[in-house]
Amino acid sequence: MYKIIDLYDLDHTLAKEYLMNFTYPWEALKGIKDLILSLGTNLGDDYEEVSEHVWIHKSAKVFPSAYIGEPCIIGPETEVRHCAFIRGSALIGANCVVGNSCELKNVILFDHVQTPHYNYVGDSILGYYSHMGAGSITSNVKSDKKFVVVHCGEENIETGIKKFGAMLGDYVEVGCNSVLNPGTVIGRHCNIYPTSCVRGVLSENSIFKNDGTIIKKKED
């Protein structure tokens, strides 16, 4: 439930071939910068290199007040709004929203991802059509600065990395003002209640309530 094949439809990202090299999504975090640099030189005429190692699709809308650090790729029809802060190493897909005062760093955003209001997303991968409610964030470093461990029931998976925010599967909805703690993995089609504090692995088609209760979605 926490492997790349369990979480993502890889047909909705330029990182498809790259991600196919790994079993677990967090294994891909270390190479995002190099991935963007390798992709950038082969994007074609529909993209413009607006500054060194920053490629933006000609159909994307980027507000003048946004900061875009390198390397970065911004896909077709994506909107980067007022005072967004893209620190670098951000691969942003098509039809995405990076909203007012949001901060991105070392991330892959699949197509149709929305981080529209006051979000921090660092060292994370957000799947197709995932959405983060206003003020929700990924916490990417443990307070003791030790390596992040992914907790799945009685299983503890050592990642060997210190910076690891969250892995959101396709169609995940994160409620407003929620915190996704380091090493959080959320399966496809999950919903997180507003003001939740989430850690560990959440299996697909689950609902996480803000008191920590987890229930499965009812089948239609």
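**Entry 1: a strand pair**

I started at Val150, which stands opposite Ile157 in strand S16. This is a predicted model, so I keep in mind that I'm reading a prediction. Next I looked up how the two strands run: S15 and S16 (residues 155-158) pair in the antiparallel sense, over 4 bridges. What sits at the turn of this hairpin? I found 2 residues between the strands, and Gly153 there takes a positive phi near 60 degrees.

Leaving aside neighbours within four places in sequence, Trp26 is in contact with Tyr2, Val150, Ile157, Thr159, Ile161, Phe164, Met167 and Val185.

Then I checked the largest nonpolar core, which has 65 residues. Which residues have the most contacts inside it? They are Leu19, Trp26 and Ile92. Strand S10 gives the most to this core, with 4 residues.

**Entry 2: one side of a helix**

Helix H3 covers residues 32-40, and I noted Ile32, Leu35, Ile36 and Gly40 as buried. Why do I put these four on the same side of H3? Because they cover an arc of only 125 degrees around the axis.

The buried residues of H3 pack against helix H2 (16-19) and against strands S2 (54-57), S5 (72-74), S8 (90-92) and S10 (103-109). S10 is also the strand that gives the most to the core.

A cis peptide bond joins Glu70 and Pro71, with omega at about -5 degrees. Pro71 lies in the loop between strand S4 (67-68) and S5, and S5 is one of the elements that the buried residues of H3 pack against.

Cys83 has a positive phi, near 65 degrees, although this residue isn't a glycine. I found Cys83 in the loop between strand S6 (79-80) and strand S7 (85-86). Is Cys83 buried or partly exposed? Its relative accessibility is 36%, so Cys83 counts as partly exposed.

Lys145 is another non-glycine residue with a positive phi, near 65 degrees. Lys145 is in the loop between strand S14 (137-138) and S15, and that brings me back to the strand that pairs with S16.

**Entry 3: a serine tucked in a loop**

Ser196 is in the loop between strand S21 (191-192) and strand S22 (197-198). Its relative accessibility is 2%, and because buried means under 20%, Ser196 counts as buried. What does its side chain reach? It gets to the backbone oxygen of Tyr193, at 2.7 Å. Setting aside neighbours within four places in sequence, I listed Asn177, Ser178, Val179, Phe208, Lys209 and Asn210 as contacts of Ser196.

**Entry 4: the whole chain**

Last, I zoomed out. I noted 3 helices and 25 strands in the chain. Of its 220 residues, 51% count as buried. The C-alpha atoms fill a box of roughly 50 × 40 × 30 Å along the principal axes. For 220 residues, a compact globule would have a radius of gyration near 17 Å, and the chain's 16 Å agrees with that. Among contacts between residues at least 6 apart in sequence, 30% join residues at least 24 apart.

Technical notes: Residues are numbered from 1 along each chain as its sequence is written. This is a predicted model: local features need pLDDT of at least 70, side-chain atom pairs count only at pLDDT 80 or more; totals for chains, interfaces and linings use all residues. Side-chain values use heavy atoms; hydrogens and water are left out. Buried means under 20% relative accessible area, exposed over 50%, partly exposed in between (1.4 Å probe, protein chains only). The arc is that of the directions from the helix axis to the C-beta atoms. Contact means heavy atoms within 4.5 Å. A nonpolar core is a set of buried Ala, Val, Leu, Ile, Met, Phe, Trp, Tyr and Cys residues joined through side-chain atoms within 4.5 Å. Two strands pair if DSSP finds at least two bridges between them. A polar contact is a pair of N or O atoms within 3.5 Å; within protein, one must be able to donate a hydrogen and the other to accept it, and residues adjacent in sequence count only if both atoms are side-chain atoms. The radius of gyration is taken over C-alpha atoms; the globule rule is 2.2 Å times the number of residues to the power 0.38.
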